[in-house]
Amino acid sequence: MDKEKRTEISNLGEFGLIDMISEDIKTNHSSSIKGIGDDAAVIGEGDDLRVVTTDLLLEGVHFDLSFTPLKHLGFKAVAVNVSDVAAMNAIPTQVTVGIGLSSRFSVEAVKELYEGIKLAATHYNVDIVGGDTTSSRAGLVISITAIGEVKKSAISYRSGAKVNDIICATGDLGAAFIGLQILEREKQVFLSNPNMQPDLEKYPYITGRQLKPDARMDIIHEFKEMGLVPTSMIDVSDGLASELFHICKASDVGVAIYEDKLPIDKQTFDTAVELNLDPITCVLNGGEDYELLFTINQDDFKKLEKHPDIHFIGHVTEKDSGKYLVTKSGTAVELKAQGWVHF
Ligand code: ADP
Ligand code: MG
């Protein structure tokens, strides 16, 4: 290593860093069908393939135990991995669970965490088949790896979007981010005056979206039943704009999305306004919704047209047309991907 040179990780950011790591990583096995660069890797031979994905959750970075019940955290740790399996249009089958525990934790606390992990395993019908346990000096660490099954012809990569495809999003967006703002605000109130009780009852939906997200496996099962394969797909973990950028980069296309089509829940909207935040910015850049963002061929529109929880937010354009949000007044504003700033 060059002793003189030191580049701060913050100069590259999360995505730049992953690009740097993956630059000179090549795969050698014919069974490594898709390596770094999608929501999950794809491995195997023939038509019946497997997907594999890992997510790491760190105390103080991804969760704050002062307002996160351990049972919810256990559930969420599984759900975020299942969400990446879903984003490949695959069905999750197994998980392994790695945990790093500090001496602050009691046996009862570990049981509570596992209650949530087991609840999620039942909910998503996955088997817990292994893991690792170690002590940690830096708070609680949870690393889950999920494995899923998919037919070769049913895989949705980030790279399959074609010009004129319709861009679709499930559920509503921005709620988990606004929920986090409320949880953090109430924590500050509590820290400055411990006699004040957190006022969370007013915001059940948005705080729930932050604390107990549900991966959209329901949608994947529906796709299977109706024989629909999205041309591309990604889950919304970092924010809509950032995920659209990933699809554009992988598929070599541009996008146009429409402000009046963006799905936002009323409580999210009202609370954003209460917090002096722009609701549309929250929809575009708020993370952790764990909804699905996907593209379909126009011929498949009829199959989803009447779906109550799928929203048609725009269409895929030529790469040279760029990435735009068309506002309610008809102005095209260039999209900026912010993502999460961890470093
Ligand atoms: P997601 O948000 O869907 O979990 P990420 O942005 O975390 O996806 O990761 C994008 C891609 O980079 C994935 O293919 C992931 O496996 C890969 N990746 C992330 N971190 C590393 C790493 N440290 N080494 C190798 N591959 C990585
Ligand atoms: Mg993902």
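## Around Met88 and the two aspartates

Leaving out residues up to four places away in sequence, Met88 touches Asp38, Asp39, Ala40, Val42, Val51, Gly148, Val150, Ile155 and Ser156; touching, or contact, is C-beta atoms, placed from the backbone, within 7 Å of each other. This is a predicted model, where local features need pLDDT of at least 70, side-chain atom pairs count only at pLDDT 80 or more, and totals for chains, interfaces and linings use all residues. Residues are numbered from 1 along each chain as its sequence is written, with chains lettered from A and ligands numbered from 1 in the order in which they are written.

Met88 also turns up with Val78 and Val82 as the residues touching the most other members of the largest nonpolar core, which has 84 residues. Such a core is a set of buried Ala, Val, Leu, Ile, Met, Phe, Trp, Tyr and Cys residues joined through C-beta atoms within 7 Å. Helix 2 (residues 70-86) is its top contributor, giving 10 residues; helices are DSSP runs of H or I, at least four residues, and strands are E runs of at least two, numbered from the N terminus.

Now for the aspartates. An unreviewed UniProt entry puts "binding site" at Asp55 and Asp84, though such annotations may be inferred rather than shown by experiment. The pair spreads over 30 residues of sequence, yet clusters in space, with a largest C-alpha distance of 9.1 Å.

| Residue | C-beta atoms within 10 Å | Class |
|---|---|---|
| Asp55 | 19 other atoms | partly exposed |
| Asp84 | 25 neighbours | buried |

Buried takes 20 or more other C-beta atoms within 10 Å, exposed 12 or fewer, and partly exposed lies in between. Asp55 sits in strand 3 (residues 48-58), and Asp84 in helix 2.
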